[in-house]
Amino acid sequence: MRRQTKRHLWRDIRVQLPFLAWLVVLWMLLWAQFTVLSFLSGLVVAIFVTRVFRLPTVELSGRINLGYAALFVVQFLFAVLSGAISVTLQVFDFRRQPGTAIIAVPLRYADDLVMTHVAVVSSLVPGSLVVETDRDRRILYLHVIGVRNRADVEKQRAGVLRWERRVVRALGDPAQYRALKADQRAGLTGATKGGAR
């Protein structure tokens with residue numbers, strides 16, 4: 001029994017290690033000091049935070065495709081730039097108001113981690129904001145601007161599903177990646193119908 005507890009503890013530490021490292025990096029960035037002392041103090045704070053404010057262990061996929069991850073970063077930066085330009089043009093177009101909608105986007109491959117990544121990316125791209133998530137049914141609800149008709153709504157929904165596929169390619173678990181590849185071979189990666197209000 002003691003051996004099993006020890007094994008569970010080491011597995012917990014291994015899974016939490018990327019999170020601890022990220023907290024240490026954030027601590028060092030916060031103080032703008034990259035010294036041994038700031039590293040050690042960040043490590044102490046990270047361990048304290050993760051032990052006192054304990055959250056359920058998030059199982060990472062253990063898979064990162066560096067090529068797709070680099071492509072994802074480039075696509076994200078381009079989307080932020082083009083989204084900012086699009087929103088600016090809509091704001092300064094005094095002839096008409098930009099249309100808005102709340103759309104439901106049912107995700108295909110998402111677990112909690114992928115769903116979180118897709119929600120964050122969708123909210124960071126100007127012109128859309130996640131207002132609610134339905135974790136059980138894997139649905140994101142987004143407030144979007146720049147929609148005038150049903151085709152615009154479907155275009156926004158297809159954009160979110162594209163981000164989901166990009167996240168799965170970059171860091172989804174092997175089962176999600178295989179499901180995505182199978183759907184691509186079968187031609188099923190188009191937009192899933194959802195609601196708009």
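User: Which residues in α5 meet which residues in α6?

Analyst: This is a predicted model, in which local features need pLDDT of at least 70 and side-chain atom pairs count only at pLDDT 80 or more, while totals for chains, interfaces and linings use all residues. Residues are numbered from 1 along each chain as its sequence is written, and side-chain values use heavy atoms, with hydrogens and water left out. A contact means heavy atoms within 4.5 Å; here R165, V168 and R169 in α5 meet Q176, Y177, L180 and Q184 in α6. The residues of this contact of α5 with α6 divide into three nonpolar, two polar and two charged, where Ala, Val, Leu, Ile, Met, Phe, Trp, Tyr, Cys and Pro count as nonpolar, Asp, Glu, Lys and Arg as charged, and the others, Gly among them, as polar.

User: At roughly what angle do the axes of helix α5 and helix α6 cross?

Analyst: Axes are lines fitted to C-alpha atoms, for helices over the stretch in contact, with angles from 0 to 180 degrees between N-to-C directions. The axes of α5 (residues 150-171) and α6 (residues 174-186) cross at roughly 130 degrees and come within 9 Å. That makes α5 oblique to α6, since angles under 35 degrees count as roughly parallel, over 145 as roughly antiparallel, 65 to 115 as roughly perpendicular and the rest as oblique.

User: How many helices and strands are in the chain?

Analyst: Helices (H or I, at least four residues) and strands (E, at least two) are DSSP runs, numbered from the N terminus. The chain has six helices and three strands, running α-α-α-β-α-β-β-α-α from the N terminus on.

User: What percentage of the residues in the chain is buried?

Analyst: Buried means under 20% relative accessible area, with a 1.4 Å probe and protein chains only; such residues make up 31% of the 197 in the chain.

Conventions:
Buried < 20%, exposed > 50% of the residue type's maximum accessible area, 1.4 Å probe, protein only.
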